[in-house]
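Have the model open as you read.

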Amino acid sequence: MTDKDLKVFIDIICHYFEKTTRHAPELKEPVIELNQFRLLDYTGFIKISGNNQGWVYISMPKGMLLDVLNCMGESLSDRSILLDSVGEIVSIITSNAREHFGAQFQISVPVTSAGKENAPISHEMPRFLLPFSWREHQAYVGIALLA
Amino acid sequence: MITLHDGLERASKFDELASTLQLRRYEWAFLLALDGRTSAREIGKSLGLDDTTVLTMADFFLEQQLIVARSYSLSEYTRLFNVKNGAAPTTASTAVNGIGSPAQTRTGASPISFSLKRKPAAASTPTPTTGPSLKLKPIMDFVIRQSGGGTTGQIAAYRVLLKVPRPLLQAMKIESINFIDDNFELPNHEAYHAIVDGIKSVLNVTYQAA
């Protein structure tokens, strides 16, 4: 994926929130994480391959996930259900990405994690982290590419 | 480790390695002025470079196997520096600068004392007025501009950093890099050159510091 493709991925994520919840996320200044490794309560990872292999992910606090689900008419709070829910969100984003990119990129089935548990990336992979605010919540879109 | 008093010369692999290098003007000037005899300090002085910059640059070139510190046999030393066998120069600088002027001598052998030692901090922190700036922001700004700006450019900057060898990134001992931080400086020239190489690899352009 090129830099522009990765930017498209970010746009798709923003568009998802705007369309689904009617609240547009506000993007902040990105940072590159080197040794620090931040993941919030619930994270959905989308594996990408092609010229650049790695992960695009969305990490959000529990409160935000509950609010997103609330916007969609759901009221769930069980940990395993929340984990499934974040998986569903990234599945929809993945499906939108497939629609945009067509067959030229392989985008695998999403992976979810609560905190750093089961996260498919480690602190050893430098990450591009784009913080955004959605309503009163702070979340991240991350990109972790293999060098 | 190189001292300011060393006579430096280009390594045997210099021509082969140099063909792949992108260096600043004063760095080429320094490399091409090496003759194995004139001290690093004197060459630096002739180019208007301060001692710290010379040491940092020479250490980097040594690491890259571009240069070696010249050793002399006794006969070479006495011949090259006009020192009589059995006599020692009165000062360290006259003994090691060796730019062709006869060294001052005194009778009676006494050990030469080299008082100049590199300060640990100075070894990795060149003076901004003469060395390449180690500030990261101008380099990142260059990458972002080259890639069309905005988030796309910032992603390109991230991909450039991915090209920096992991041990070097870890050695920076930084948690994160903020694109708007004016003050962040790279720890050494090795990191600087790794990033410049990364720019070439990712964007296929050569970074020229302003």
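## Helices and rings

In this predicted model, helix H8 (residues 136-146) of chain B packs against helix H11 (residues 189-203) of chain B at an angle of about 0 degrees, with the axes 12 Å apart. H8(B) and H11(B) are therefore roughly parallel to each other (angles under 35 degrees count as that). Axes here are lines fitted to C-alpha atoms, for helices over the stretch in contact, and angles run from 0 to 180 degrees between N-to-C directions. Helices (H or I, at least four residues) and strands (E, at least two) are DSSP runs, numbered from the N terminus.

Who touches whom? On the H8(B) side we find Leu136(B), Ile139(B), Phe142(B), Val143(B) and Gln146(B), and they meet Tyr192(B), Ile195(B), Ile199(B) and Leu203(B) in H11(B); contact means heavy atoms within 4.5 Å. Sorted by class, the H8(B)–H11(B) residues come out as eight nonpolar, one polar and no charged. For those classes, Ala, Val, Leu, Ile, Met, Phe, Trp, Tyr, Cys and Pro count as nonpolar, Asp, Glu, Lys and Arg as charged, and the others, Gly among them, as polar.

H11(B) also packs with helix H4 (residues 51-63) of chain B, this time at about 60 degrees with axes 10 Å apart. Thr56(B), Phe60(B) and Glu63(B) of H4(B) make that contact with His189(B), Glu190(B) and His193(B) of H11(B). The tally for H4(B) with H11(B) is one nonpolar, three polar and two charged residues.

Now the rings. Rings of Phe, Tyr and Trp (its six-membered ring) pair if their centres lie within 6.5 Å; planes under 30 degrees apart count as stacked, over 60 as edge-to-face and the rest as tilted. The count comes to eight aromatic pairs over all chains, and here are two of them:

| Pair | Centre distance | Plane angle | Type |
|---|---|---|---|
| Phe17(A) and Phe132(A) | 5.6 Å | 55 degrees | tilted |
| Phe128(A) and Tyr158(B) | 5.9 Å | 50 degrees | tilted |

Phe17(A) sits in helix H1 (residues 3-21) of chain A and Phe132(A) in strand E6 (residues 127-134) of chain A, so this pair ties together parts 115 residues apart in sequence. The other pair crosses between chains, from Phe128(A) in strand E6 of chain A to Tyr158(B) in helix H9 (residues 150-162) of chain B. Phe17(A) and Phe132(A) are both buried (under 20% relative accessible area, 1.4 Å probe, protein chains only), and Phe128(A) and Tyr158(B) are both buried too. Tyr16(A), Phe17(A), Phe132(A) and Trp134(A) form one aromatic cluster.

A few bookkeeping notes: residues are numbered from 1 along each chain as its sequence is written, and chains are lettered from A in the order in which they are written. Local features need pLDDT of at least 70, side-chain atom pairs count only at pLDDT 80 or more, and side-chain values use heavy atoms, with hydrogens and water left out.

Technical notes. Parallel < 35°, antiparallel > 145°, perpendicular 65-115°, else oblique. Buried < 20%, exposed > 50% of the residue type's maximum accessible area, 1.4 Å probe, protein only.
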